[in-house]
Amino acid sequence: MPNDKHGSSPQTTNGNPENPYIPMWLLAELTYACPVQCPYCSNPLALSASRKNELSTQEWITVLRQARKLGAVQLGFSGGEPLVRTDLEELITEARSLGFYCNLITSSIGLTSEKIAIFKQAGLGHIQISFQGSNRESNKLFGGTDSFEHKVAMTKEVIRQDLALGLNFVLHRHNLHQVGEFLAMAESVGAEFVELANCQYYGWALHNREHLLPSQEQLVEAERVTNEFRDQHQGKMEVFFVAPDYYDNRPKKCSNGWGTTFITVTPEGDVLPCQSAKVIPDLEFPNVRDYDLKTIWQTSKLFTGFRGTDWMIEPCKSCPEKEIDLGGCRCQAFLLTGNALNADPVCDLSPFHHKVTEATEAAQSAPEVVESKALLFRNTANAKTLSADQ
């Protein structure tokens, strides 16, 4: 749906417009405004204090309808902090009426028992609450807010109101030793699902990598504690431990395959195959104010460019494992090598694998205590500083 300003369709390929891929997961990044300042945030480094360009309620409803028509069934309301949006109840109501399973991904700051009840009534199916530490002090240090007690209270309230709950603990070298405490706390409040997600190094986390990347010893110990907990509490709580890519010798598929499963819409309406895609320069990012999702998903160069294996260069092109990992993460390839076509350096077959091993070797002797001033926290002031330096 081109507007008068642009007047033309997005750059397209000659690929089959009836491609077999369905965007099963829609991530709706409603806003980048957020009360939390995590130094590993996946939001872009270029943050603006202004919210005037965010999609309106009706524009988001149009996005939801188009995504559902394409076949999307899972919907995540994310940000920033999605609770900042005053129209969240209306968006949940519309999404549920369309048949989406609705997830709210939140820091819980701004959440109340009344809102939980309202969102549940509107059709919300699941809430994921993130923690930055296993106690008040560490949560405040890495989140920038004194919100630990509120997070615990909201976790209990979600369970009391019989709404599906997942807890997300983002791990790095300064809280990996808290894994046992995280799990004990999650069990004590009755959580059914816990994700222990080690930092992946993009955006803000990449800028803080030297302070956040754990040592091999820390990672092994954290996994041992996790497995011990699983053995002792079988069937009571699902626990997923997501290791950092840097300690694998083969990469993961990029978002289950670039342009095959996930679709992200930013607060301003840009459509992305993954949250980090904007780190790759010279890509055209179609916007929902200009084009419908079907056109973007099926024919835009952004989504078809790295879809499949035809784009590959060596060593991926002739690799017998290329269908397994599809070359790994395009964003990570660009960030570490300067070329998004290169093999993901996590792979030990990549000529750039040393970029990863150098980082992990440095992490073995990095200090386990960090002063907050050493970290670049995610906020608009620091975003302006980064922009000025670039």
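User: Which residue lies over the face of W297, and at what distance from the ring centre?

Analyst: R307 does, at 5.1 Å from the ring centre of W297. A charge sits over a ring if NZ of Lys or CZ of Arg is within 6 Å of the ring centre and within 35 degrees of the ring normal. K278 is placed over the face of F285 too, at 5.7 Å from the ring centre. A caution on the source: this is a predicted model, where local features need pLDDT of at least 70 and side-chain atom pairs count only at pLDDT 80 or more, while totals for chains, interfaces and linings use all residues. Residues are numbered from 1 along each chain as its sequence is written, and side-chain values use heavy atoms, with hydrogens and water left out.

User: How many aromatic pairs are there, and why is the pair F169 and F182 called stacked?

Analyst: The structure holds 8 aromatic pairs. F169 and F182 have ring centres 4.1 Å apart and planes at 20 degrees, so the pair is stacked. The cut-offs: Phe, Tyr and Trp rings (for Trp, the six-membered one) pair if their centres lie within 6.5 Å; planes under 30 degrees apart are stacked, over 60 edge-to-face, the rest tilted.

User: What makes F169 and F182 a link between distant parts of the chain?

Analyst: F169 is in strand 5 and F182 in helix 6, 13 residues apart. Helices (H or I, at least four residues) and strands (E, at least two) are DSSP runs, numbered from the N terminus. Ring pairs also join F169 and F182 with F131 and F148 in a cluster.

User: Are F169 and F182 buried or exposed?

Analyst: F169 is buried, at 0% relative accessible area. F182 is buried as well, at 0%. Buried means under 20%, exposed over 50%, and partly exposed in between (1.4 Å probe, protein chains only).

User: Why is the pair F193 and F240 called tilted?

Analyst: Their planes stand at 45 degrees and their ring centres are 5.3 Å apart, so the pair is tilted. F193 lies in strand 6 and F240 in strand 7, so the pair ties together parts 47 residues apart in sequence. F193 has 25% relative accessibility and counts as partly exposed. F240, at 39%, counts as partly exposed too.

User: Where is A186, and how do you know whether A186 is buried or exposed?

Analyst: A186 sits in helix 6, residues 179-189. Its relative accessible area is 0%, so A186 is buried. Beyond neighbours within four places in sequence, A186 is in contact (heavy atoms within 4.5 Å) with L167, F169, A191, V194 and M237.

User: How much space lies in the largest pocket, and what lines it?

Analyst: About 1,800 Å³. The lining has 48 residues, with S42, N168, E195, A197 and Q275 nearest the centre. On a 1 Å grid over the protein atoms alone, a pocket is an open set of points where a 1.4 Å probe fits, with protein on both sides within 12 Å along at least five of seven lines; lining residues have an atom within 4 Å of a point. Strand 6 gives the most to this lining, with 4 residues.

User: What classes make up the lining of the largest pocket?

Analyst: The lining divides into 23 nonpolar, 20 polar and 5 charged residues. Ala, Val, Leu, Ile, Met, Phe, Trp, Tyr, Cys and Pro count as nonpolar, Asp, Glu, Lys and Arg as charged, and the others, Gly among them, as polar.

How values were computed. Grid points are joined across faces, edges and corners, and a volume is the space filled by probe spheres set on the points.
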